[in-house]
Number of protein chains: 2
Amino acid sequence: MPEAAFLAVDWGTTNRRVYAIDADGTVVAGERDDRGLTAVGAGGFPAEAAAIRARLGDLPMLCAGMVGSARGWVLAPYRPCPADLTELAAGLHWIDPRTAIVPGLSCRTARGGDVMRGEEVQFLGSVAAGLAPADALLCQPGTHCKWARIGGGRVESFRTTMTGELFALLRRDSLLAEFLAGEVADGAAFSEGLTAARDATLLGDLFGVRAEVLLGLRAGDDAAAYVSGLLIGSDVREQALHPGERVYVLAEPGLGELYAAALAAAGARPSPIDSQTAFVAGVTEIWRRADGFEG
Amino acid sequence: MPEAAFLAVDWGTTNRRVYAIDADGTVVAGERDDRGLTAVGAGGFPAEAAAIRARLGDLPMLCAGMVGSARGWVLAPYRPCPADLTELAAGLHWIDPRTAIVPGLSCRTARGGDVMRGEEVQFLGSVAAGLAPADALLCQPGTHCKWARIGGGRVESFRTTMTGELFALLRRDSLLAEFLAGEVADGAAFSEGLTAARDATLLGDLFGVRAEVLLGLRAGDDAAAYVSGLLIGSDVREQALHPGERVYVLAEPGLGELYAAALAAAGARPSPIDSQTAFVAGVTEIWRRADGFEG
């Protein structure tokens with residue numbers, strides 16, 4: 001096994017991925033578990049980091065994601081956009097001389113502002129790895145979907161949508177919950193939701209799902225896919241994409257396929273990117289550019 | 001006290017209003033409580049009706065609202081639109097010769113379909129009482145907001161939006177919950193939400209609330225009013241109103257003021273209607289037109 005040079009942790013609210021990476025940026029060992037912020041809790045981070053080092057090697061460690069939020073290990077202040085990997089490296093928040101947290105990004109827009117933590121590594125890593133060009137629109141779907149415009153290799157601006165969280169709220173607690181237990185796949189009902197989303201009448205379309213099932217106009221089994229199409233279609237519509245615009249999508253396969261279908265239906269051209277590859281490329285570049293890690 | 005001729009129950013999921021009404025349509029006694037469907041439960045309705053008669057008089061009884069749904073007393077099938085008060089009277093579902101349930105309405109639209117239970121009495125009662133003309137657009141905000149087009153004194157079509165339920169879900173369980181505990185009133189933050197709603201970018205605007213509070217761009221105290229403005233503004237936008245269009249609003253005072261502000265901001269002309277007066281006028285007309293009540 002090649003020797004790892006550092007450890008990288010993609011440390012989110014629910015999940016955590018740990019990578020041992022060599023000096024060339026190759027992953028030599030990895031773990032995935034549910035030791036996210038919720039499970040670790042305030043005060044539990046030093047012991048978790050020690051346990052990771054005990055398992056994967058006593059090496060420098062870079063942590064990214066919600067671990068740098070007020071509910072994480074320590075608060076690592078946002079860096080303002082535009083920002084590239086050098087600025088993320090310069091903005092590292094040091095826990096000790098061998099442990100640092102990657103800062104999130106903030107941006108100001110005409111409308112207001114936005115924030116991210118963790119996705120910046122994947123976005124800039126996509127460019128660093130040559131998976132996306134230095135001027136591109138990237139999308140990372142999830143509980144909160146991030147849309148980032150990259151220009152000259154920097155994150156220029158971004159926009160977060162509440163798409164995944166809204167679907168989860170509707171599925172768990174709403175009047176529609178009883179219809180939304182089914183699997184969601186790209187198919188006729190999903191496409192119908194995408195088409196409906198063009199009208200920007202989400203509040204009415206959502207109630208319509210229940211009404212149409214009650215009236216026998218829609219199969220209850222179809223409702224989850226239709227609502228997913230409504231929400232993802234709305235998310236894509238909100239981005240006001242240009243016809244034929246290329247969008248690089250970083251997602252798990254299932255969700256990635258739904259966004260690809262929604263983007264294609266909206267006249268855009270989706271290109272999937274493997275988000276783990278992007279993360280590893282990004283965090284390796286930050287490690288290389290960081291000043292002051294002690295071995 | 002004038003003598004009551006019949007009892008009318010506006011029987012919803014959570015709340016219940018009972019009226020003792022004389023032959024002229026004047027309320028001679030009334031009650032409001034929380035003995036809605038959830039509290040009464042399956043099988044509990046006959047005893048509830050007997051208790052109402054014991055308190056307010058042993059009279060014919062008309063029930064309207066979710067009491068006629070599958071989760072209510074008995075299922076009273078929807079009547080299709082267009083429909084007027086005579087059709088509601090003809091469609092009464094009889095429990096016994098002195099007790100009947102007003103049917104809900106269904107409608108088919110180009111998009112799909114919609115249903116209502118209870119609001120049809122208020123809408124048609126508004127016209128019967130002379131509170132709205134026989135050709136009008138009426139709106140009843142609430143957990144599910146109903147928009148009904150009345151033509152020639154009949155409900156021609158309607159559309160339900162999930163506005164109130166979505167606000168409740170966001171306030172109770174979402175990432176935004178911590179910011180949404182405050183009171184909502186018509187003010188600068190509410191107006192800002194109305195303005196933002198014009199862009200039809202709800203999924204992004206919702207996440208933006210959290211980001212802007214974190215970045216110090218928005219006061220946390222303002223967030224509830226802003227999100228309410230976003231949602232109510234979206235609801236009004238979805239109706240594609242004509243400039244200067246009159247909209248009759250049946251609502252509690254607080255919510256009615258928010259919808260009035262949203263309608264005015266969208267260039268429409270709101271007119272408040274007292275929904276209890278409308279209900280009593282509607283249910284009295286149904287009672288008059290019903291064939292077969294035994295005293």
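**Close-ups of a two-chain model**

**View 1. Tyr19(A) stands opposite Gly30(A) in E3(A).** We're looking at a predicted model, so local features need pLDDT of at least 70 and side-chain atom pairs pLDDT 80 or more, while totals for chains, interfaces and linings use all residues. Residues count from 1 along each chain as its sequence is written, with chains lettered from A and ligands numbered from 1 in the order written. Strand E2 (residues 16–21) of chain A has a partner in E3 (residues 27–33): the two run antiparallel over 6 bridges (strands pair if DSSP finds at least two bridges between them). Five residues sit between these strands in their hairpin, and one to look for is Gly25(A), with a positive phi near 90°. Helices (H or I, at least four residues) and strands (E, at least two) are DSSP runs, numbered from the N terminus.

**View 2. E2(A) also pairs with E1(A).** Here E1 (residues 6–11) of chain A joins E2(A) in the antiparallel sense, again over 6 bridges. The hairpin made by E1(A) and E2(A) leaves 4 residues between them. As for cover, 5 of the 6 residues of E2(A) are buried (20 or more other C-beta atoms, placed from the backbone, within 10 Å of a residue's own; 12 or fewer is exposed, in between partly exposed).

**View 3. Helix H4 (residues 119–128) of chain B is largely enclosed by the rest of the structure.** That's because 10 of its 10 residues are buried. Glu119(B) and Glu120(B) are on the buried list, and so are Gln122(B) and Ser126(B). Phe123(B) and Leu124(B) are buried in H4(B) too. Just past the end of H4(B), look for Gly130(B), which takes a positive phi of about 75°.

**View 4. Chain A is split into two domains.** Domain 1 covers 6–158 + 275–289, and domain 2 covers 162–273 (bounds from an automatic or database assignment). Their C-alpha centres lie 28 Å apart. Where they meet, 17 residues come from domain 1 of chain A and 16 residues from domain 2 of chain A (contact means C-beta atoms, placed from the backbone, within 7 Å). On the domain 1 side, the elements giving two or more residues are helix H4 (119–128), strand E10 (136–140), strand E11 (145–151) and helix H10 (275–289) of chain A. E10(A) gives the most, with 5 residues.

**View 5. Chain A meets chain B.** The contact takes 34 residues from chain A and 35 residues from chain B. On the chain A side, the elements that each give two or more residues are strands E9 (113–116) and E12 (154–161), plus helices H5 (163–173), H7 (202–214) and H8 (223–238). H7(A) has the largest share, 9 residues.

**View 6. One chain can be laid on the other.** The same surface serves both copies, with 100% of the contact residues of chain A recurring in chain B.

**View 7. Chain A as a whole has 10 helices and 14 strands.** Buried residues account for 54% of its 295 residues. Along the principal axes, the C-alpha atoms of chain A fill a box of roughly 65 × 40 × 40 Å. Of the contacts in chain A between residues at least 6 apart in sequence, 65% join residues at least 24 apart.

Terms used
Two residues are in contact if their C-beta atoms, placed from the backbone, lie within 7 Å. Copies are superposed by least squares on the C-alpha atoms of residues with pLDDT of at least 70 in both.
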